[in-house]
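Hi everyone, thanks for coming. Let me put the model up on the screen, and then I'll walk you through it.

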Amino acid sequence: MKKIALQAAAIGMAFASFAATAAPAQTAAQLYQANCAACHGSKLEGAVGPTLGEHAWLHGAPTRANLIKIISKGVPEKNMPAWSPALNAAQIGMLADYIAANANKKLAAAPAATATTTTAAKPAATDLLSGFKLPKGFRISVYADGAATARSMAVSDSGIVYVGSRKAGKVYALVPRADRQSAEVVTIAEGLENPIGVTLLNGALYVGEISRVIRFDDIDKRYAQKPSYEVVKVSLPNDKWHGEKVMRAGPDGKLYIPVGAPCNICDTDSTRSAKIYKMNADGSQLEEVARGVRNTVGFDFHPATKQLWFTDNGRDELGDNTPSCELNVVTKPNQHFGFPYCHGGVVPDPQFGKGRTCEEFEPPVAKLGPHVAPLGMSFYTGKQFPEIYRNNIFVAEHGSWNRENKIGYTVHLITLYNSKVVSDTAFIDGFLRGDEVVGRPVDVVTLADGSLLVSDDYGGRIFRVTYDGK
């Protein structure tokens, strides 16, 4: 059922954290509008996800029994979680009936999105840029367009920016144009499995897929030739849920790579999941760096202390306002950051926290907010921005999908003093305009000239922030 609405991230948005807020008296139509319409259209015509009307149902006929099974158990290979813990049997049954009743109807089709186009309808460039809010003296522009589902970024010494992607399955090179104000998007690899993670080490580009790590040697000289790659010999879990692999080359010459929890909430301490690892460039000497990390999609090393800092996404299904997503720092070996026993440093898990206390685990350095989905983060090391920005942290908040009122959808600045958080403020606002999403920030990196790049997997764009104030 590749084209069924119950697929990929679409269904993840579709059913949200309804169980915590739904009123028992809601009708099936109200359930659908509250939880499914954002992805599959208010009239089941399709949007981010495909139509729920007449089409090829590839995961079985749209019978009530089959739809209940799919909603309840999910489709792991399409990143669709099992929603039976969040929705009770009656709610799932009502949704199944509602979908089944419309499954053979011809509905107006939504515009199709392809991997070669961006995944969001784009406002005009002037309207898009004028809607962003930044501190005085800063300007934002579109550095590159057409990098579908753009995710993590890595900047080479020559100024080429390498970008991973998600569902597009591609890796891009952003090649600066003569004016250095924008870049051409060149596809260097495609047909990969969610290659979101990219990093550079010893002139080679390392790319993290769900099931493997690959390496493109001497990439700056070969990016335009659809270069061949080598598979790095390392064995890591390949679960689809939180299984995408970001990577970062560390100051010690090692490759750092996390493995997320294969669930919303489950006990992973005795497994290889919910941990951060490091390894040699050839995949040897894999060793654990930190554990109790539910799903980090961004980390960086402090320019002075060289300590590893990382974001972590909090669990779902505890309501709109708890727990908080986290910013953490690794200060010594064998630290445990709480998952699945404690969330946000203060919230014991109702299932797995019994007999445990939050004081057993490392508290977050900062609580970033519930369901804001912090992804990429980096320390600002450029010289273009004012001195107060130096060695402080930019965090890309992808934005909530499972909250009644959306939050996140921003780039935040976190200022530090002696590695302690002093403030957490919005640096770029405007990816969310009322209820309209115009972009979802994923990663932040600094160019050699000190400008800041922000990737947007919703619009397939890379934004550039410059400072021309005094």
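Let's begin with confidence: pLDDT is the predictor's confidence in each residue, on a scale from 0 to 100. What you see is a predicted model, so local features need pLDDT of at least 70 and side-chain atom pairs count only at pLDDT 80 or more, while totals for chains, interfaces and linings use all residues. Residues are numbered from 1 along each chain as its sequence is written, and side-chain values use heavy atoms, with hydrogens and water left out.

The mean pLDDT of the protein is 87, and 85% of the residues reach 70 or more. Over residues 1-24, though, the pLDDT is below 50. That stretch still has 81 contacts in the model beyond near neighbours in sequence, a contact being heavy atoms within 4.5 Å. Residues 110-120 also stay under 50, and there the model has 17 contacts beyond four places in sequence. Where pLDDT is low, the predicted coordinates should not be read in detail.

Now the overall fold. There are seven helices and 29 strands; these are DSSP runs, H or I of at least four residues for helices and E of at least two for strands, numbered from the N terminus. Of the 470 residues, 57% are buried, meaning under 20% relative accessible area with a 1.4 Å probe, protein chains only. Among contacts with a separation of 6 or more, 56% join residues 24 or more positions apart.

On to the inside. A nonpolar core here is a set of buried Ala, Val, Leu, Ile, Met, Phe, Trp, Tyr and Cys residues joined through side-chain atoms within 4.5 Å. The largest one has 22 residues, and F385, F394, F427 and I428 have the most contacts inside it. Strand β29 (461-467) is among the elements that give two or more residues to this core, and β29 gives the most, with three. Looking at F385, its partners beyond four places in sequence include F138, F394, F427 and V465. Apart from this core lies another, of 17 residues, among them I160, Y162, V175 and V186.

One last stop: is H336 buried or exposed? H336 counts as buried, because its relative accessibility is 13%. You'll find H336 in strand β17, residues 335-336. Its side chain makes a polar contact with the side chain of D269 at 3.0 Å; such a contact is a pair of N or O atoms within 3.5 Å, and within protein one must be able to donate a hydrogen and the other to accept it, with residues adjacent in sequence counting only if both atoms are side-chain atoms. H336 also touches R291, G292, Y341, F361 and E362.

Notes
Buried < 20%, exposed > 50% of the residue type's maximum accessible area, 1.4 Å probe, protein only.
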